[in-house]
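Please open the structure in a viewer and keep the selection tool at hand. The stops below each name what to select and then describe what is found there.

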Amino acid sequence: MKKITYLIAIILLAYCQPKREEINSLSPNTFAIYPTEGITIPLSKIVERAEVIHPKESEIIAHSRTPIIFEDKLIIVDSQKQKKIQIFNTKGDFLYTIQATGEGPGKFKIPSLVRINENGDRLLVYCALTKKILQFDWKGNFLEETHINEIGLIGDLIEKESEIIFLNVMTVDSKKRIGKLNLQTYAEDKKITFFENYPGEFIKVLEDKTQYFFPTVSKEEFYFLDIYSNNLVKMDWEGNHSIIRFTIQNNPLILDPEKVHNPMDIYDQIYLSDAFYLYNYINVGNNKILLPIIKGPSVHCTILLDTEKNSVEVISKFENGLDNLLPSEAIAAPGDIHSKTAIVSLDSDYVYERMKSMDLDQNEFTKELKKLNTPENQNPVFIIYHLK
């Protein structure tokens, strides 16, 4: 009798367990992610076209962390070596430089952040050392600046109608983590509105990452990637929000939300455990979002989130392009919502070496490589994937 009862219990337990395909329906904003069970899809499913830019050596690029594409311009932010902003056109021709020159009016020491305003007619440059945001036009002319001494360090910002929403990375208080101020009136009123209803549990990291906010196509809302928490927060300009949760099922990176973490300690844990976690960048298209997943120190796969269907796929490989050139089979690259792009930066020697064994007429993506500048050009090669 005991054996029969035990057998019935096992059958009931198995029957009541949610099946793999049912897990994602447990909550409309929670998705179970299985990084080891990704699929292969054509790159053309998410990418409209590719563009290759090889900036000419009349201007040397010494460092490029988060390049930006806007209309016919490529913006290179060098915050480490030459401390300047370099502007090229998409043909690779050098246009002009905005150079760090000091502390005075219209000057800055390091271009810590560079963002484009909502209207697309100004560059916003945040200098962490002088604690101010400077505005320049598309000819490199200085227009105005706003000192924000009250915030220790801004980790990211976005702008709309002279207001900015910023991330205060020096605080561990969730009620003072995301704030809003007006660049036109702040010098007089010193008014900062903090989004106190932001979710209280987040991973606190002494981090130098500089991209957390990703505007949507409509620009009425934006995404906030809460690093290491595996949460993507959708917010509007009043602080209203919803959370998209990704619960990684295979060896997830787990950090204590009550602690303030040192990045090096996190990296040590990642290397030792080969844990999975969301990467720093997301790429936003019309109704699709790409979120790379890291395993240990390397990119492993990509989450493809369909915001229209409210569904996800885990992509282990993109056929017809990425697998022939890039060092990773996933997309893990900075992006720009103004042009709906994913921007991949590659060493020129690496690209030309890989090209020797490639059929450049293979598909619509690799054909772009024929437009590359001479192999003697040591500037990095930028591959721009325009998302659908």
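Begin by selecting lysine 73 and tryptophan 138: the charged end of the lysine sits over the tryptophan ring, 5.1 Å from the ring centre. The model on display is a predicted one, and this applies to every stop that follows.

**Aromatic pairs**

Colour the aromatic side chains next; the structure holds twelve aromatic pairs. Select phenylalanine 31 together with phenylalanine 246, whose rings are stacked, with 6.1 Å from centre to centre and 25 degrees between the planes. Phenylalanine 31 belongs to strand β1 (residues 30–33) and phenylalanine 246 to strand β20 (residues 241–248), so this contact ties together parts that are 215 residues apart in sequence.

Move on to phenylalanine 166 and phenylalanine 194. The ring centres are 6.3 Å apart and the planes stand at 75 degrees, so the pair is edge-to-face. It links distant parts of the chain, with phenylalanine 166 in strand β13 (residues 163–168) and phenylalanine 194 in strand β15 (residues 193–194), 28 residues apart. Phenylalanine 166 is buried, with a relative accessible area of 0%, whereas phenylalanine 194 is partly exposed, at 22%.

A further selection gathers Tyr212, Phe213, Phe222, Phe224 and Trp237, which ring pairs link into a cluster.

Keep phenylalanine 194 in view and display strands β12 to β15. These four strands form an open antiparallel sheet in the order β12-β13-β14-β15. Which strands stand at the edges? They are β12 (154–160) and β15; each has a single partner strand, so one side of each is left without a neighbour in the sheet. The partner of β15 is strand β14 (residues 178–182), and the two pair in the antiparallel sense over two bridges. Within that pairing, glycine 179 stands opposite phenylalanine 194 in β15.

Now select glutamate 161 and serine 162. Glutamate 161 is found in the loop between β12 and β13, and serine 162 lies in that loop as well. Both deserve a look at the backbone: phi of glutamate 161 is positive, near 50 degrees, and serine 162 also takes a positive phi, near 75 degrees. Most residues other than glycine have a negative phi. Glutamate 161 is exposed, at 64% relative accessibility, while serine 162 is partly exposed, at 23%.

**A second open sheet and a hairpin**

Select strands β8 to β11, which form another open sheet of four strands, in the order β8-β9-β10-β11, with antiparallel pairing. Its edges are β8 (113–116) and β11 (142–147), each with a single partner strand, so one side of each is left without a neighbour in the sheet. On average, neighbouring strands here are turned by 20 degrees against each other, direction ignored. Zoom in on β8 and strand β9 (residues 123–127), which pair in the antiparallel sense over four bridges. Valine 114 has valine 125, in β9, as its bridge partner.

From there, go to strand β6 (residues 84–89) and strand β7 (residues 94–99), which run antiparallel and are joined by five bridges. Glutamine 86 stands opposite threonine 97 in β7. The hairpin of these strands has four residues between them, and glycine 92 takes a positive phi near 100 degrees there.

**Nonpolar cores and cysteines**

Which members of the largest nonpolar core touch the most other members? Of its 27 residues, they are Ile46, Leu372 and Tyr385. The elements that contribute two or more residues to this core are β3 (47–53), β26 (311–319), β28 (341–346), α5 (348–355) and β29 (381–387). β29 gives the most, with four residues. Apart from this core lies another, of 25 residues, including Ile178, Phe213, Tyr228 and Ala275.

Finally, select the cysteines, including cysteine 127 and cysteine 301. Cysteine 127 is buried, with a relative accessible area of 0%, and cysteine 301 is buried with a value of 0% as well. How many disulfides are there? The count comes to zero.

Conventions:
Residues are numbered from 1 along each chain as its sequence is written. This is a predicted model: local features need pLDDT of at least 70, side-chain atom pairs count only at pLDDT 80 or more; totals for chains, interfaces and linings use all residues. Side-chain values use heavy atoms; hydrogens and water are left out. A nonpolar core is a set of buried Ala, Val, Leu, Ile, Met, Phe, Trp, Tyr and Cys residues joined through side-chain atoms within 4.5 Å. Buried means under 20% relative accessible area, exposed over 50%, partly exposed in between (1.4 Å probe, protein chains only). A disulfide is a pair of cysteine sulfur atoms within 2.5 Å. Rings of Phe, Tyr and Trp (its six-membered ring) pair if their centres lie within 6.5 Å; planes under 30 degrees apart count as stacked, over 60 as edge-to-face and the rest as tilted. A charge sits over a ring if NZ of Lys or CZ of Arg is within 6 Å of the ring centre and within 35 degrees of the ring normal. Two strands pair if DSSP finds at least two bridges between them. Axes are lines fitted to C-alpha atoms, for helices over the stretch in contact, and angles run from 0 to 180 degrees between N-to-C directions.
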